[in-house]
Amino acid sequence: MIRLATDVGGTFTDLVGYDERTGEIFTAKSLTTVHDQSEGVLAAIELAEKKDGLSARDVIFFAHGGTTVINAITERKGVRTALVTTAGFRDVLEIGRGNRPDLYNLQFKSPEAFVPRSLRFEVRERLDAKGRVLTPIELGDIEPIVRECRARRVEAVAVVFLHSYANPEHEIACAKAIAEALPDVTVCASHEVSRQWREYERSNTAVLNAYVQPIIKRYFARLESALTERDLTCPYYAMQSNGGISTFDQAQMSPLTLVESGPAGGVAGAARIGTVLGESEVLSLDVGGTTAKCSLIHDSRPTLDSEYKLEHTRIAPGYPVQVPVVDIVEIGAGGGSIARIDERGALCVGPESAGSTPGPSCYGRGGDKPTLSDALLTLGIFDPASFAGGQMQLDKSKAATAIATVAKPMGLSVEDAALAIVEIAHASMINALKLVTVQRGHDPRDAAFVISGGAGPALAARLGRDLGVKMTVVPPHPGIFSAWGMLAAEPRADFRSTWFSPLGPEAVSNLKRRFDELKREAVRYFSKGDAAEIRYACRVEARYRGQEHGVFALFEMEDDAESFAERFHAAHERAYTFCLPASPVEITMIHLEAVLHGPVIAIPKLDRTGRSLDAAFKGRREVYFGGTTGWVSCPVYERTRLPSSERIAGPLIIEEATATSLVVAGQELEVSEEGLLLIRERDGGSV
């Protein structure tokens, strides 16, 4: 009766297992195998079998998240894809949007389309915005398209017709004809992945979904085969970007929903921790080997990004996709992020990472560039002997040698250069955390701060203090927390569709009818029958008349036009700092969140046997804090032996198999009854 989850990251592949009968936890961490990620998954399972006695035959549930989809897109390693679209709209992908993130960038270039113009084809057909047929589809146009796709060895075709979100009739006919003529080619019709308006965004979504669909099908086939060979035969689930899970078969139909698969597991885990603490506002940060990812759980639900863009930066517009993605801000500041001196003589950290091969210099695997992990080791926060539970011996001299390459040009000691690396990474993370809070209209002082990842707990106390959060929380197994979070996720589906109407009594009545239809669609999706226990959340996107973009507000089935309008005005004011109560309101989109009730990982209360400060005390270690403080002797405790409900004053270090936590001076640590590490200011105020 074991529930198992694996998460493939840029540096490590993590595993967490939970025995529902005994409450036993199995953990493992192996290096990610970039050439075939399934090999790293199997290595982690084998390690758990040897180390903890995991029995693959006892596994009844397997959840998996990783970077397969995002890597295929960012590395441009998807399949050769063609686009079939309405006559006259061949160049929508290339035209994109006229808005630019950096208005005065004279070197700006539009993002290159994932489908070259020679593989973008047109079919004569036309619907109006209400889905009424203006020009019937000319199926004869498909025959030369099929010949060209066959000659060019196309592996996937995206079909995107104008206004098919309102009526998919023409798309269905075209997709069927292509699939019959090219049985070995994957065909993706846009209405299957998005029922939303905006032709560029929907076209991009369908193209990217088709681009990675054969990749994910082949990967899941390899993974399933390998798991079956190891007697791990059970239902297989994939972690979705919306914070829920889906079956492998469901995920293969819409693989783009896995684009932020791994990070979403950490957000699901943070939401679970918030439930245990009774906190509805939770700020999540996961500092992995390559990146740091942060998100906000609002009203006990992960916040979704309504305008998610791949590869979006301050100067690049990125690629918009219309799939529900947890609102995650990701920066290139992880344990393996490389420090360097740029052309201006300034010290920078990331976004380039040492990854798993060769890894940070201290790993002793051939890396010679200074990284954040090297800095944390040099400062004394990491112990070279007990890192990763003693599985990997770190080399402090190699870390110092690497850091010296940036210390010498700046005229700093190795220790001060290491501290500077940590400070720069810290500042980048603070900026990212403010993007998902302050710039979204939320106050971080209202939130509990859950921080995880291999390097996260080492930075947790300072980050929490600078943000002024209610408390900083280091969850169980922080170094493999995204995998842990996958065991806290439930099956989830999101149904979004464009629906235009002025807000009024008739519109509200139609909204309720439409949401009832979507609920029946959700029941069919989960295939559990009418008796299935499904939680629903209804949201409506609306705008003031004359606006281009709207905001989502919660819609209750007992709402009337006035009560929903008040909720919309409040949501608009939170997002844009103003509202216009006298202005007419227009509905633009409806969104149903459906979550199927399922078992989640338990967080039992600690067994007090053998737990005490004396039992947990491992000794003392010198940690460098810089300035006039310099080196400070800090007590070191083993997390698994710390007693609950006892407060310990910092500075101090807590070690465990997957992470090292640092509590700084002026703070105190308390272990909750469930074993969570809670860090607060010593006077009881904010951290």
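Here's a quick briefing on the overall build of this protein chain and a handful of residues worth a look. Keep in mind that this is a predicted model. The protein chain carries 16 helices and 35 strands. With 687 residues, a compact globule would come out at a radius of gyration near 26 Å, and the protein chain has 26 Å, which agrees.

**The whole chain**

- Laid along its principal axes, the C-alpha trace of the protein chain spans about 80 × 60 × 60 Å.
- Of the 687 residues, 57% count as buried.
- Take the contacts between residues at least 6 apart in sequence: 68% of them join residues at least 24 apart.

**Arg-639, a buried arginine in a loop**

- Arg-639 sits in the loop that runs between β30 (631-638) and β31 (647-649).
- Is Arg-639 buried or exposed? Its relative accessibility is 8%, and the cut-off for buried is under 20%, so Arg-639 counts as buried.
- A polar atom of the Arg-639 side chain lies 2.9 Å from the backbone oxygen of Pro-475.
- Setting aside residues up to four places away in sequence, Arg-639 touches a run of residues that includes Val-474, Pro-475, Pro-476 and Pro-478.
- Other residues that Arg-639 touches include Arg-611, Ile-654, Glu-655 and Glu-656, along with Gly-675, Leu-676 and Leu-677.

- Lys-605 is in the loop between β28 (585-596) and α16 (613-616).
- With a relative accessible area of 58%, Lys-605 is exposed.
- Which residues does Lys-605 touch, not counting those up to four places away in sequence? They are Glu-673 and Glu-674.
- The side chains of Lys-605 and Glu-673 are joined by a polar contact of 3.2 Å.
- Lys-605 and Leu-676 are 71 residues apart along the chain, and 9.9 Å separates their C-alpha atoms.
- Leu-676 has turned up already, as one of the residues touched by Arg-639.

**Asp-368, out on a loop**

- Look for Asp-368 in the loop between β22 (347-353) and α9 (372-378).
- Leaving out neighbours within four places in sequence, Asp-368 is in contact with Ser-361 and Ala-402.
- Pro-358 is ten residues away from Asp-368 along the chain, and the two C-alpha atoms are separated by 8.7 Å.

**Helix α12, tucked inside**

- Helix α12 covers residues 456-467, and nine of its twelve residues are buried, so the rest of the structure largely encloses it.
- Among the buried residues of α12 are the glycines Gly-456 and Gly-464, plus Pro-457.
- The buried set in α12 also includes Ala-458, Ala-460 and Ala-461, as well as Leu-459, Leu-463 and Leu-467.
- What follows α12? That's Gly-468, whose phi is positive, near 70°.

**Cis peptide bonds**

- The peptide bond from Gly-350 to Pro-351 is cis, with omega near 0°.
- Pro-351 has its place in strand β22.
- Another cis peptide bond runs from Gly-650 to Pro-651, with omega near 5°.
- Pro-651 is found in the loop between β31 and β32 (652-655).

- Arg-153 is a residue other than glycine with a positive phi, near 55°.
- Where is Arg-153? It's in the loop between α4 (142-151) and β9 (156-160).
- Arg-153 is exposed, at a relative accessible area of 69%.
- Asp-231 isn't a glycine either, but has a positive phi of about 65°.
- Asp-231 belongs to the loop between α6 (199-229) and β11 (236-239).
- The relative accessible area of Asp-231 is 36%, which makes this residue partly exposed.

Terms used
Residues numbered from 1 in each chain as written. Heavy atoms only, no water. Helix = DSSP H or I, 4+ residues; strand = E, 2+ residues; numbered from the N terminus. Rg over C-alpha atoms; globule rule 2.2 N^0.38 Å. Buried < 20%, exposed > 50% of the residue type's maximum accessible area, 1.4 Å probe, protein only. Contact = heavy atoms within 4.5 Å. Polar contact = N/O pair within 3.5 Å; in protein donor to acceptor, adjacent residues only side chain to side chain.
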